[in-house]
Amino acid sequence: MNDASARRRMDAGDGTVRLSHPAKILYPETGTTKTDVASYYLHVAPVLIQWARNRPATRKRWVDGVGTAAAPGNSFFQKNLDTGTPDWVIRQRLHHKDHDAVYPLVNDARTLAWLAQISALEIHVPQWQFSDAGKPGNPDRLVLDLDPGEGAGLAECAAVALIAKGSLDRLGLPSLPVTSGSKGIHVYAGLDGRRSSADIAALAHEVALSMEHDHPELVVSRMGKDVRRRKIFIDWSQNWQAKTTIVPYSLRGRPTPTAAAPRQWSEIATPGLAQLGYREVIERIDAGLVPVIPPPSAC
């Protein structure tokens, strides 16, 4: 490989990012390259950043690509920044129980292109933002992660998502569905930021328990796999301060390059609902189809 093919500079907002080995295939089943990934993230930057801004970003990396369904590639989660991180990447220190970690903040397009450079295909963030003082703030959104157990699929997730919508509506929390790009659906509701992560996790748990009580044949609020067969597990715990969820518009490290995608409720109610590939997500954005979380009417 000559120098010209081994390096590529991409314009990214206020600067450039150098891609090493830009033709490297990260999704073998579709031939999707590192350049394709970087181009996608630059395209979705204006909408993804709205979901990720000022939040510590945990990255899931596939340095040698995702592999195939038969032979998945190796991956790892990364929180702390490497010493070789470019100095222009905005960062913030976060204290954990027994250590501190320095996280990147996905506040600009250039950082998204850099994440593509290091094969950080998935971006996970919490439901809160850092305050001006650099401390975790109260959550500004609630999330219910609908995860299908063995024997259940996206159709069952959609049914539960519609039930969750009704539950949140009754609490004065209009919601937005996001197909996760993996197996399930995430249901988000906006918050006014007055309640703590512990309070919101408790509220989400109450919603999950209520749904389980009313629909025991379809819903479970406990994590054990032995109780999840043919049911949808509502993971309410992702509202805890230390937990993260895939950020909408992030790619997924699946055999094909799907992405987490905000949807309209009318789509969730339509038979044949499917996860979206990254090109479909680009087409939706270009068509102006960019659903957002409605503001809370009460909490």
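Let me begin with a term: a crossing of two helices is called left-handed if the near helix is turned anticlockwise from the far one by less than a right angle. With that in mind, and remembering that what you see above is a predicted model, I would like to look at helix α2, residues 34-52, and helix α7, residues 278-286. Their crossing is left-handed, and they pack at an angle of about 35 degrees, with the axes 11 Å apart.

Which residues make the contact between these helices? From α2 it is Asp-36, Tyr-40, His-43, Val-44 and Val-47, and from α7 it is Tyr-278, Val-281, Ile-282, Ile-285 and Asp-286. Sorted by class, that contact comprises seven nonpolar residues, one polar residue and two charged ones.

Two of those contact residues, Tyr-40 and Tyr-278, bring me to the aromatic pairs, of which the structure holds four. The ring centres of Tyr-40 and Tyr-278 lie 5.6 Å apart and their planes stand at 90 degrees, and because planes over 60 degrees apart count as edge-to-face, this pair is edge-to-face.

Finally, a contact of another kind: Arg-110 lies over the face of Trp-88, at 3.9 Å from the centre of the ring.

Terms used. Residues are numbered from 1 along each chain as its sequence is written. This is a predicted model: local features need pLDDT of at least 70, side-chain atom pairs count only at pLDDT 80 or more; totals for chains, interfaces and linings use all residues. Side-chain values use heavy atoms; hydrogens and water are left out. Axes are lines fitted to C-alpha atoms, for helices over the stretch in contact, and angles run from 0 to 180 degrees between N-to-C directions. Helices (H or I, at least four residues) and strands (E, at least two) are DSSP runs, numbered from the N terminus. Contact means heavy atoms within 4.5 Å. Ala, Val, Leu, Ile, Met, Phe, Trp, Tyr, Cys and Pro count as nonpolar, Asp, Glu, Lys and Arg as charged, and the others, Gly among them, as polar. Rings of Phe, Tyr and Trp (its six-membered ring) pair if their centres lie within 6.5 Å; planes under 30 degrees apart count as stacked, over 60 as edge-to-face and the rest as tilted. A charge sits over a ring if NZ of Lys or CZ of Arg is within 6 Å of the ring centre and within 35 degrees of the ring normal.
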